Amino acid sequence: MDITTDPDDHLKVTPPKSYAAGVPAVVHALEYSLSQNSVRRTALTLLNINQVKGFDCPGCAWPEGKHRPKNEYCENGAKHINDEATTKRVTEELFAENSITELDGKSDWWLNQQGRLTAPMVKRPGADHYERIEWDEAFDLIAGELNALGSPDEAMFYTSGRLNNEAAFLLQLFSRAYGTNNLPDCSNMCHESSGSALGETLGIGKGSVSLDDIYESDLIFVVGQNPGTNHPRMLSALEETKRNGGKIVAVNTLPEAGLIRFKNPQKARGVIGRGTTIADQFVLIRPGGDLALFQMLNRLLLEAEDAAPGTVLDHEFIRRHTTGFEAFSEHARTVSWDDVLLATGLARTEIEELFARVLESNKTIVCWAMGLTQQKHGVPTIREVVNFLLLRGNLGKPGAGVCPVRGHSNVQGDRTMGIWEQMPQSFLDALEAEFGFAPPTRHGYDSVDGVRAMRDGAASVFIGVAGNFVRAMSDSDVTEAALRNCRLTVQISTKLNRSHTVCGETALILPTLGRSDRDIQATGEQFVTVEDSMSEVHSSRGRLEPASPHLLSEVAILAQLARRTLGDGFDIPWEEFEADYGTIRDRIARVVPDFENFNERVAQPGGFRLPNPVNEHVYPTPSGKAVFSCNEFTWLEAPPGHLVLQSLRSHDQWNTIPYAMNDRYRGIHDARRVVMVNPDDVAGLGLVDGQLVDLVSVWRDGTERRAPAFRVVAYPASRGSAAAYYPETNVLVPLDSVADVSNTPTSKGIIVRLEPAPASAG
Ligand SMILES: Nc1nc2c(c(=O)[nH]1)N[C@H]1C(S)=C(S)[C@@H](COP(=O)(O)OP(=O)(O)OC[C@H]3O[C@@H](n4cnc5c(=O)[nH]c(N)nc54)[C@H](O)[C@@H]3O)O[C@H]1N2
Ligand SMILES: Nc1nc2c(c(=O)[nH]1)N[C@H]1C(S)=C(S)[C@@H](COP(=O)(O)OP(=O)(O)OC[C@H]3O[C@@H](n4cnc5c(=O)[nH]c(N)nc54)[C@H](O)[C@@H]3O)O[C@H]1N2
Ligand SMILES: [Mo]
């Protein structure tokens, strides 16, 4: 049975929308809110999102900006918040009435709809039910298992970017004091390719631009990203860019609504009028063709400079701040038009039009997300983007720079706090100086290696803090078997999800406070902090009454677990940390670079921005300069009869959790098992619109993976591409199918064939 969505197939398809947001968006958000909540609770939560004294919207990592208009939340932010603030509750009765086997047969949607978790639960060895456990016993149980392991490296601590800075700092401190760097996180499946490529070329794995840069840019590329659904507030920023005379180009395999036109729901003009056309040029590219596109733009820049020396490249910048230009420039000229047109599926005139825009711009920004990072050649593609920006000196000046648009609201902050299996030695040294123990130096497991280790028995305790590892990871069957192979699986969560029904021999559910909940500890009410995609650090304070008196905050859970596991052998004041989060920030200030006077500075309204050295032309690479790189020309070539499938988000889901069965902007209603394919490809494959097919992925070792029963939807996608939703399609991504260097699952580059399903007679 399809465990992701409820099985009824009521698919209705309407033409894709040519605009995003506007009144329908607000109405839809309110509908979802009110289905989860009372009117009063809805109003209270929505009025506090992203306010200076309110809480940070967990919807995405796009920054708030200085002005913070009252009510600057988007439709999807409102949905996420209300999904958390729901008045529905998972009670002990639910677990008594449903065995784990029965729960495992429910859809992901159903599990989430049961509401907030309310009490710690345990599944004991051999049992098929969760039963109530007291917190103390739960901590003793985990500590016992951790201390019984042959080596600390047999345990791993997963986290998603939902975790706040204070809890993230404690998690990595606990893990390292316990003795392992096994800190896989959702970044491994998300922007790791950005971190890898930017780290190598610029010396820092973060974006360089601020909101002001976005506003004053001449030209912004939005590549492999669907902001209308996933970063809706970005559209207000792009609207302002356009008002200031800037141009936008979108590069995507799908004609996404938000990239075409935007109606701003915060403004009367947006609500009534036709809204703003966002993309001045829309480039409908073949999947994986972005490396080829940027290589051609770079060749054209070099040739334009040859034709009119001194007018195109920024020689001063290249000379002072970069290395590797000569080798790069020789390599870049070798790319051929024929190859590029084949790889991108574009007409030469489209690339020439784009190039003309590039030449006109003095300040260019490239924004990107999963369309680039989750490709086998994601890292070289992003390196090539860096080459492109370096050529014209588009770094370290206003209105220009790199902008990887992050997903989870604090995924960047978690990295800053040390959630990474390969933190640099300087960080480990600072930790040692502060806490007086020597952290392990051996690199830990990332998400893919973590699954391999559990599968092979090299790891047997999995502790997940926020997130839904089983559904987030690739190769679902392999990942599930790996988790079931563990002695102990622990999930620290707000809501029920698949990771609770795929259990180790012993399994624990530890319920925790969410972002919107009031957090009161021994010294009084606490707040936490987060860092957004543009390195702004600010506080977040929940206001709602917690879902149950039995919930503990993430900080409290981690502090108590650490104390129980490590005993008195360390000079770490876990109890003090739990009682007063300010004392954690005092330590962060002494360990993490650029966090001096953390408590004082984060108390300022709006917080503070971490410096990015690139903006001062300081490049922390071995040479001290930004690095031009030579990247081998490559693209994704599907064999005849096959397509390149991407697994992506619908408008009504938050990562692994479907909120409803719709994808309004794409015109998909009441179904999720759909595959969007260009009408010419549908015909070329001998299929018809609406036909039921199995998606079968083929892998280089000859193995095949199958996701059954998807409806074909003829859709204006780029030729050779197919799109279906995640996590239904994770089963198709082989564990070994990863991006070079970053080890990120290739969720956007899966070679599939569409097989007519047995049940479909037409
Ligand atoms: N509402 C909502 N908001 C979210 C999330 C959510 O699930 N729901 N998730 C959050 C998280 S963790 C993240 S990482 C972000 C994700 O934000 P996105 O990266 O926007 O998310 P995806 O849905 O994966 O969309 C990938 C986009 O890349 C395009 N694409 C796919 N392959 C290619 C390619 O080869 N080349 C090009 N140029 N384009 C391609 C797709 O058509 C699609 O528009 O969103 C965050 N915000
Ligand atoms: N095929 C495919 N796979 C993908 C992707 C893709 O595009 N395609 N995208 C990848 C990306 S970009 C990401 S980031 C990952 C996402 O992977 P994850 O971050 O692991 O997954 P989420 O769906 O965000 O996790 C949802 C769960 O988090 C818990 N939760 C929510 N809020 C809180 C909180 O405040 N505290 C705690 N403790 N728990 C909370 C709830 O229990 C909820 O059920 O998936 C990756 N997997
Ligand atoms: Mo993500």
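The side chains of Q172 and R176 are joined by a polar contact of 2.8 Å. This is a predicted model. Q172 lies in helix 8. Its relative accessibility is 0%, so Q172 counts as buried, the cut-off being under 20%. Leaving aside residues up to four places away in sequence, Q172 touches L183, M417, G418, I419, F427 and L431.

Three strands form an open sheet in the order 21-22-23, and their pairing is antiparallel. Strand 21 (528-531) and strand 23 (608-609) are the edge strands; each has a single partner strand, so one side of each lacks a neighbour in the sheet. In general, strands of a sheet pair through backbone hydrogen bonds. Here, strand 21 and strand 22 (residues 536-540) run antiparallel, joined by four bridges. E531 has V537, in strand 22, as its bridge partner. Helix 8, spanning residues 165-178, packs on this sheet. Helix 8 touches both strand 21 and strand 22, and its direction makes about 90° with that of strand 21.

Helix 15 (residues 290-307) packs with helix 17 (residues 325-332) at an angle of about 105°, and their axes are 9 Å apart. Helix 15 is therefore roughly perpendicular to helix 17, since angles of 65 to 115 degrees count as such. Helix 15 contributes Q295, N298, R299 and L302 to the contact. From helix 17 come F325, F328, S329, H331 and A332. By class, the contact of helix 15 with helix 17 has four nonpolar residues, four polar and one charged.

Conventions
Residues are numbered from 1 along each chain as its sequence is written. Chains are lettered from A and ligands numbered from 1 in the order in which they are written. This is a predicted model: local features need pLDDT of at least 70, side-chain atom pairs count only at pLDDT 80 or more; totals for chains, interfaces and linings use all residues. Side-chain values use heavy atoms; hydrogens and water are left out. Two strands pair if DSSP finds at least two bridges between them. Helices (H or I, at least four residues) and strands (E, at least two) are DSSP runs, numbered from the N terminus. Contact means heavy atoms within 4.5 Å. Axes are lines fitted to C-alpha atoms, for helices over the stretch in contact, and angles run from 0 to 180 degrees between N-to-C directions. Angles under 35 degrees count as roughly parallel, over 145 as roughly antiparallel, 65 to 115 as roughly perpendicular and the rest as oblique. Ala, Val, Leu, Ile, Met, Phe, Trp, Tyr, Cys and Pro count as nonpolar, Asp, Glu, Lys and Arg as charged, and the others, Gly among them, as polar. Buried means under 20% relative accessible area, exposed over 50%, partly exposed in between (1.4 Å probe, protein chains only). A polar contact is a pair of N or O atoms within 3.5 Å; within protein, one must be able to donate a hydrogen and the other to accept it, and residues adjacent in sequence count only if both atoms are side-chain atoms.
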